[in-house]
Amino acid sequence: MEKHMAVCPYCGAGCKLNLIVDDGMVIGAEGLDGVTNEGELCLKGLSGFDFINDTKILTPRILHPMIRREKGGELERVTWDEALDFTAKKLMAIKEKYGPDAIMLTGSSRGPGNEANYVMQKFTRACVGTNNIDNCARTCHGPSVIGLMDTVGSGAMSVSIPNMENADLIMLFGYNPSASHPIVARRIVKAKEKGAKIIVVDPRSIETARIADLYIQIKNGCNLAFMNAFANVIVSENLHDRAFIDAHTNGFDEWWETIKNYTPESVQDITGVEPALIHQAAEMYATAKPSAIIGWGMGVCQQKQNLKTVHTIASIACVAGQIGKPNSGLAPVRGQNNVQGSCDMGMLPNLYPGYQKVTDPAVRAKFAKAWGVPEEKLPLEEGYKLTDLGHLVDEGKVHCFYNYGEDPVQTEPDSAGMRKTLSELDLFICQDIFMTQTTMLADVILPATSWGEHEGVFTASDRSFQHFDAAVPPKGECRHDWEIFADLSTRMGYPMHYDNTEQIWNECISLCPNFVGATYEKMAPEGGYAQWPVKSTDVNDHGTPDMFAGGKFTTKDGRANLMAHDWEAPSELPDDEYPLILCTVREVGHYSCRS
Ligand code: SF4
């Protein structure tokens with residue numbers, strides 16, 4: 001019997017575990033003393049390893065490469081050489097005929113890990129020559145990434161998961177941790193046990209509402225109106241932190257011009273909330289000493305005005321002075337296990353790895369030099385977003401989609417529309433581990449290794465990098481994702497070669513100032529991790545649990561930008577024909593889209 005250290009692949013809580021292997025089969029999992037889980041696991045981490053051996057009646061693993069020689073023809077099993085030659089030839093033909101921007105790619109926020117994503121975005125930029133790369137954050141916490149970069153300068157949780165239990169108040173706004181991140185939910189229970197106040201604002205009476213000191217049931221579609229009123233109370237009742245605002249923020253007067261119009265009374269019809277409850281919540285939040293956290297999830301992001309709501313939440317934390325000190329700040333807790341990582345690795349149309357802008361000529365020059373390509377090969381324009389794929393194909397702008405470890409037929413809005421889009425492409429490539437509803441439609445299927453069969457680094461929701469090992473050999477003819485991209489790139493005239501994931505990781509961190517101290521050596525022990533920004537390679541320096549210490553934001557001038565917006569009604573409201581409001585949710589026993 002052997003044990004191999006891994007990080008759970010089911011959510012962004014980043015729980016460390018051992019995979020227990022007997023006779024080449026994973027037969028069990030046990031919690032390890034990782035930084036976020038301290039030995040605990042939820043049922044997914046404890047029992048979700050069985051698919052590595054056999055998916056039984058569920059979606060099967062793909063074990064060998066396949067192609068369709070003709071559009072609409074049958075899938076045919078081929079060798080790796082034939083599959084990669086076929087793919088490279090087709091990609092080069094599309095690039096030659098329509099230009100590099102006719103090709104669009106996704107990163108994978110799931111099992112492959114940061115190194116594979118790094119190599120894929122390098123393939124996209126240095127080999128194909130486009131910034132058309134995105135990831136599932138686009139329909140998840142994408143608005144949080146952009147909204148936080150606009151306001152406080154960094155698009156991630158400002159607090160750490162372990163420190164959540166030391167906060168004096170936690171307010172959950174459209175976030176159900178017991179279903180989506182059970183081990184984060186445990187931290188909230190522990191915070192309550194230590195005396196923290198809990199506020200839950202949600203249309204549904206979620207599990208955490210049971211332990212809340214204040215539960216506010218809001219109407220669907222009111223988020224921005226509610227948060228504007230919450231902000232209004234903080235300032236109207238003189239609960240704001242004037243010294244912090246003056247020293248560390250920009251734009252308070254303009255911000256107040258909008259916020260002053262949103263009294264709790266004026267939005268009662270929109271929110272469905274008694275004004276006294278908004279007063280109570282805002283008073284509790286602003287007076288919590290010394291620390292308070294606002295956590296949010298898809299209740300904010302999968303809504304109209306999602307970005308604007310994130311702007312407002314971040315501004316509230318600044319106006320109340322509840323950021324830039326220990327255990328206090330902002331917690332957009334990321335869903336998929338490595339969606340923070342795929343954003344960290346630049347699987348975004350506007351950012352290189354390490355959140356460096358593609359529009360910045362100095363950044364482009366740095367990457368061009370490191371990757372050995374002429375600067376003009378790397379476009380200075382932002383690429384296309386995943387949510388634009390449908391109309392880009394309709395308009396004849398995109399002819400090839402390379403889908404890597406995602407299942408957009410199930411995860412994007414309008415499955416029928418997505419199927420139509422994929423069927424109209426000149427070339428649809430899927431690199432995956434399962435024959436999903438998306439993979440079935442592909443012209444080329446490249447089988448990759450699964451979590452459990454490869455090593456790498458994941459980033460947990462709270463910016464903690466952690467290393468995971470391989471436990472068992474690859475199934476069938478499956479190959480590591482990064483090897484597939486490197487081989488394809490070489491066939492397309494941009495040679496890439498790496499011996500292992502550590503080589504890839506070292507190249508990545510050497511180009512990203514905030515990741516420089518995240519060495520494999522630091523991540524090797526059971527409790528090893530590196531939380532960005534982490535700039536020292538000293539093994540005892542694990543990085544930054546609370547960002548923006550002393551009110552130093554990572555914006556251009558070091559000050560937070562306060563941003564306010566007017567509320568707009570949802571685009572679709574119930575009527576006699578469509579009388580129901582539905583909302584997206586997670587279930588604790590399900591893995592996201594379940595593939
Ligand atoms: Fe895995 Fe998330 Fe459960 Fe931890 S909380 S065991 S990371 S699914």
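**Tour: ligand shell and aromatic contacts**

By class, the shell around the ligand holds 9 nonpolar, 2 polar and 1 charged residues (nonpolar: Ala, Val, Leu, Ile, Met, Phe, Trp, Tyr, Cys and Pro; charged: Asp, Glu, Lys and Arg; polar: the others, Gly among them). This is a predicted model, where local features need pLDDT of at least 70, side-chain atom pairs count only at pLDDT 80 or more, and totals for chains, interfaces and linings use all residues. Residues are numbered from 1 along each chain as its sequence is written, and side-chain values use heavy atoms, with hydrogens and water left out.

Select the ligand shell: Cys-8, Tyr-10, Cys-11, Ala-13, Gly-14, Cys-15, Leu-41, Cys-42, Lys-44, Gly-45, Pro-182 and Ile-183 (a heavy atom within 4 Å of the ligand). Helix H1 (43-47) and helix H6 (182-193) each give two or more residues to this shell (helices are DSSP runs of H or I, at least four residues; strands are E, at least two).

Next, select Phe-515 and Trp-532, an aromatic pair with 5.9 Å centre to centre and 55 degrees between the planes, which is tilted (centres within 6.5 Å; under 30 degrees is stacked, over 60 edge-to-face, the rest tilted). Phe-515 lies in the loop between helix H20 (501-510) and helix H21 (520-523), and Trp-532 in the loop between strand E21 (530-531) and strand E22 (560-561), 17 residues apart. Both Phe-515 and Trp-532 are buried (under 20% relative accessible area, 1.4 Å probe, protein chains only).

Finally, select Arg-242, whose charged end sits over the ring of Phe-252, 4.6 Å from its centre (CZ of Arg within 6 Å of the ring centre and within 35 degrees of the ring normal).

Definitions and conventions: Rings of Phe, Tyr and Trp (its six-membered ring) pair if their centres lie within 6.5 Å; planes under 30 degrees apart count as stacked, over 60 as edge-to-face and the rest as tilted. Buried means under 20% relative accessible area, exposed over 50%, partly exposed in between (1.4 Å probe, protein chains only).
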